[in-house]
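Here is a colleague's note for a reader who is new to reading protein folds. Please keep the sequence and the structure open while you go through the points.

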Amino acid sequence: MATRRVVVFPSSAELGPALADLVSSRAGAAVASRGRFTLGLSGGSLVSMLSKELPALPDLDCSKWVVGFCDERLVPADDPESTYGLYKTQLFTKVNIPESAILSIDSSLPVNECAEDYTRKLKKAFPDDDKPVFDMLLLGMGPDGHTCSLFPDHPLLEETAKIVAPISDSPKPPPQRVTMTFPVVNSARCVAFVSTGGSKAPVLKEVLEGREGPALPAARVAPAKGELFWLIDGPAAADLAIPVEKPGSGARL
Ligand SMILES: O=C(O)[C@H](O)[C@@H](O)[C@H](O)[C@H](O)COP(=O)(O)O
């Protein structure tokens with residue numbers, strides 16, 4: 001199992017550039033060895049962080065990137081709740097990811113068909129893999145410990161057959177979504193969580209240090225053969241007692 005690296009930055013102002021540098025370094029390595037970089041995106045605060053920091057990188061070339069979504073809300077792309085829609089207006093207009101290499105859901109379909117359609121898109125994009133092996137997945141964590149659209153105590157936590165699942169009873173609105181499942185998340189070559197703000201401190205302690213009762217969804221992310229990063233800021237790390245890394249400014253991860 002991967003070694004987990006918990007990296008604490010004073011604030012999200014320092015975290016953002018380090019995240020962009022990590023993405024760009026894993027992208028460079030993936031393109032050099034496999035000819036492309038496969039990246040899974042999540043919503044929440046990652047959208048604005050990536051949209052600010054990635055285009056600011058000098059000479060970023062995304063022409064060999066293939067981008068999917070770790071989860072998505074079943075709403076039209078022009079709905080303000082659409083993760084794809086937010087990335088489209090904030091990031092995809094600023095970087096050269098080929099439009100055909102952006103794997104998004106078809107929100108016109110009912111949720112079960114939408115998940116099947118997205119499953120087909122992923123299988124087509126990863127024809128050589130039993131399960132899609134993404135070079136990098138970027139994840140957030142909700143205050144309840146959910147990640148992707150995998151919520152505490154939900155039966156989808158035990159899904160092993162599907163690579164993408166529909167969910168129609170999400171406790172966080174909107175209720176209908178599609179999500180990657182743990183078998184895909186834990187097959188990735190690199191997973192990076194980004195979690196910031198003092199409201200995340202109690203759940204972050206439970207996820208990183210353990211708790212009584214079943215492990216929270218975010219604590220079940222442990223790529224079998226990949227890297228696992230937790231990039232957090234000082235306020236989110238406030239309750240942690242475990243050793244953490246505190247990189248100097250500009251240090252590479
Ligand atoms: O689909 C959703 O409802 C959100 O995308 C959600 O899952 C978000 O990613 C986390 O709550 C982390 O949010 P922050 O990045 O804002 O901490």
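**Notes on sheets and helices**

1. Strand E6, which covers residues 164-167, is joined to E7 by 4 bridges, and the two strands run antiparallel. Within this pairing, Pro166 stands opposite Val178 in E7. Please keep in mind throughout that this is a predicted model.

2. Strand E7 (residues 177-180) also pairs with strand E4 (residues 71-73), to which it is joined by 3 bridges, again in an antiparallel arrangement. Here the bridge partner of Arg73 is Arg177 in E7. As for the side chains of E7, Arg177 and Thr179 point one way while Val178 and Met180 point the other way, and all of them are buried.

3. An open sheet is built from 6 strands in the order E1-E9-E8-E5-E2-E3, and its pairing is parallel. Strand E1 (4-9) and strand E3 (65-69) stand at the edges with a single partner strand each, so one side of each is left without a neighbour in the sheet. From one strand to the next, the twist averages 20 degrees.

4. In general, strands of a sheet pair through backbone hydrogen bonds, and they may do so in either a parallel or an antiparallel way.

5. Helix H6 (residues 201-209) lies across E1, strand E8 (190-195) and E9, and runs at about 155 degrees to E9. Helix H3 (residues 83-92), in turn, lies across strand E2 (37-41) and E3, running at about 145 degrees to E3.

6. How do the axes of helix H2 (residues 46-53) and H3 cross? They come within 9 Å of each other and cross at roughly 20 degrees; angles under 35 degrees count as roughly parallel, and H2 and H3 are therefore described in that way. Their crossing is right-handed. Leu46, Val47, Ser48, Leu50 and Ser51 in H2 meet Leu86, Tyr87, Gln90 and Leu91 in H3, and by class this contact has 6 nonpolar, 3 polar and no charged residues.

7. Is H2 enclosed or open? Of its 8 residues, 6 are buried, so H2 is largely enclosed by the rest of the structure. The buried residues are Leu46, Val47, Met49, Leu50, Ser51 and Glu53, and what covers them includes helix H1 (12-34), E2, H3, strand E5 (136-139) and E8.

Note on methods. Residues numbered from 1 in each chain as written. Predicted model: local features only at pLDDT ≥ 70, side-chain atom pairs only at ≥ 80, totals over all residues. Heavy atoms only, no water. Pairing = 2+ DSSP bridges. Axes fitted to C-alpha atoms, helices over the stretch in contact; angles between N-to-C directions. Contact = heavy atoms within 4.5 Å. Parallel < 35°, antiparallel > 145°, perpendicular 65-115°, else oblique. Left-handed = near helix turned anticlockwise from the far one by under 90°. Nonpolar A, V, L, I, M, F, W, Y, C, P; charged D, E, K, R; others polar. Buried < 20%, exposed > 50% of the residue type's maximum accessible area, 1.4 Å probe, protein only.
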